[in-house]
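Please walk me through this protein model.

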Amino acid sequence: MDFVLDRAQGEFGRTLDRMLGGAGTARAVRAWGRGDHGPGRALWERLGGLGVTALAVPEAYDGVGPLPVELAVAYVESGRHAVPGPLAETAAVAVLLSALAEGDHPRAAAAARHWLPRIASGRALVTLAAAEGGPYALDADAADAVFTVAGEELWLAPGHGPVQRSSDPARRLARPRPGGEPLAHGPAVAPAVERAADWAAFATAALSLGTGLALLERTVAYVKGRRQFGRAVGSFQAVKHRLADVLIGLEFARPLLFGAAVALASDAPGTRAEVAAAKVAAGEAGYAAARAALQLHGAIGYTDEFDLSLWIRRAHALRSAWGTPSVCRARVLAG
């Protein structure tokens, strides 16, 4: 099946590419990894101005969504330009709060009225800790609110513990502190959390695809200019085959990603399996692009000072975030 973006969706992606291309995201990522969130927050506000942060927020809360296809377009570009921050988690919180606000959960409804308009405008960063994403909350030190799920309960955490660096220094992890404000409890929480986790996995897949595309673009440009034995490295057959394999993996993941977007939009049966298929395909393709980029760049690919390392480390971390490859394959097989 072919998934072709319409004219508006394509122009949306190109606009984001132009904006992010001139925004100095590499500097923002390095600052974020040092705990300086100012440049990254400024970047989020610019994304909010273009409507990116409103894509998972319903219109009732000043959003434009949920629009998973447009979110995939935006997050692929965000991955290509290594935008820092809890992008997937913020989208998941928007889905979770809006779902619980529709039920008999007055505290969750109040939280939705308070937080969702701020998320939609790009003025608020929030993060989420849930079983499917692991015990840590991503970028809790930068977030305005940390939401945590414990069994059939949703809480607004009172803070977080010590920050720990992950394999990607710009993905800072911390355990939410116990207690805080209870927002919802009961059997309705589990399906809402499951749907939010699917959105987080879907958003992570889009980020992985964008990260892999950036790595491929940079590696192709490098091997065209790097010369050995009087020839461009990119002219060697082994290098061509390696990069062709990376391209095939990324192009295979793309329709799975947009297929998952269509499934999320219609809430079709088997949506969870489609999201898992997209997540494992995009995560593995991004990781393969990172391995190829590292090897074909040689020794400079290992250096922190070289911007390529920002994307290499991001691909490794995204591969396992919100669903490891083994977990996602099991979901696909379960169907």
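E11 and R14 form a salt bridge, with their closest N and O atoms 3.3 Å apart. A salt bridge here is a side-chain nitrogen of Lys or Arg within 4 Å of a carboxyl oxygen of Asp or Glu. This is a predicted model, in which local features need pLDDT of at least 70 and side-chain atom pairs count only at pLDDT 80 or more, while totals for chains, interfaces and linings use all residues. Residues are numbered from 1 along each chain as its sequence is written, and side-chain values use heavy atoms, with hydrogens and water left out.

Where do E11 and R14 lie? Both lie in helix α1 (residues 7-21), 3 residues apart, about one turn of the helix. Helices (H or I, at least four residues) and strands (E, at least two) are DSSP runs, numbered from the N terminus. E11 is partly exposed, with a relative accessible area of 33%. R14 is partly exposed too, at 43% relative accessibility. The cut-offs are under 20% relative accessible area for buried, over 50% for exposed, and in between for partly exposed (1.4 Å probe, protein chains only).

A second pair joins two helices. R329 forms a salt bridge with E284, and the closest N and O atoms are 3.0 Å apart. R329 lies in helix α11 (residues 325-334) and E284 in helix α9 (residues 271-297), so the pair ties together parts that are 45 residues apart in sequence. R329 is partly exposed, with a relative accessible area of 42%.

D304 and R313 make another salt bridge, at 2.6 Å from N to O. D304 is partly exposed at 37% relative accessible area. R313 is partly exposed at 28%. Salt bridges also link E132, E194, D198, R272 and R331 in a network. Side chains of opposite charge can pair when their charged atoms come close. The salt bridge count comes to 19.

Now to the charges of the chain. There are 35 positive and 32 negative side chains, and the centres of the two sets lie 9 Å apart. Lys and Arg count as positive and Asp and Glu as negative; His and the chain ends are not counted. Each charge is placed at NZ of Lys, CZ of Arg, CG of Asp or CD of Glu.

A315 lies in helix α10 (residues 308-320). Its relative accessible area is 3%, so A315 is buried. Which residues does A315 contact, leaving aside its neighbours within four places in sequence? They are T211, L215, G286, Y287 and A290. Contact means heavy atoms within 4.5 Å. A315 and P191 are 124 residues apart in sequence, and their C-alpha atoms are 29 Å apart in space.

T219 sits in helix α7 (residues 189-225). T219 is buried, with a relative accessible area of 1%. Leaving aside neighbours within four places in sequence, T219 is in contact with L243, A293, L296 and H297.

The loops hold some backbone details. The peptide bond from G65 to P66 is cis, with omega near 5°. P66 lies in the loop between α3 (38-49) and α4 (68-80). D62 lies in the loop between α3 and α4. D62 has a positive phi of about 70°, although it is not a glycine. D62 is exposed, with a relative accessible area of 58%.

D139 also has a positive phi, near 55°, in a residue other than glycine. D139 lies in the loop between β2 (137-138) and β3 (145-150). Is D139 buried or exposed? At 1% relative accessibility, D139 counts as buried.

Finally, step back to the fold. The chain has 11 helices and 9 strands. Its C-alpha atoms fill a box of roughly 70 × 45 × 35 Å, taken along the principal axes. With 335 residues, a compact globule would have a radius of gyration near 20 Å; the chain has 19 Å, which agrees. The radius is taken over C-alpha atoms, and the globule rule is 2.2 Å times the number of residues to the power 0.38.

Of the 335 residues, 55% count as buried. Among contacts between residues at least 6 apart in sequence, 71% join residues at least 24 apart. The accessible surface comes to about 14,300 Å², of which 55% belongs to carbon and sulfur atoms. Accessible areas come from the Shrake-Rupley method with a 1.4 Å probe; for residues, only the protein chains shown count as cover.
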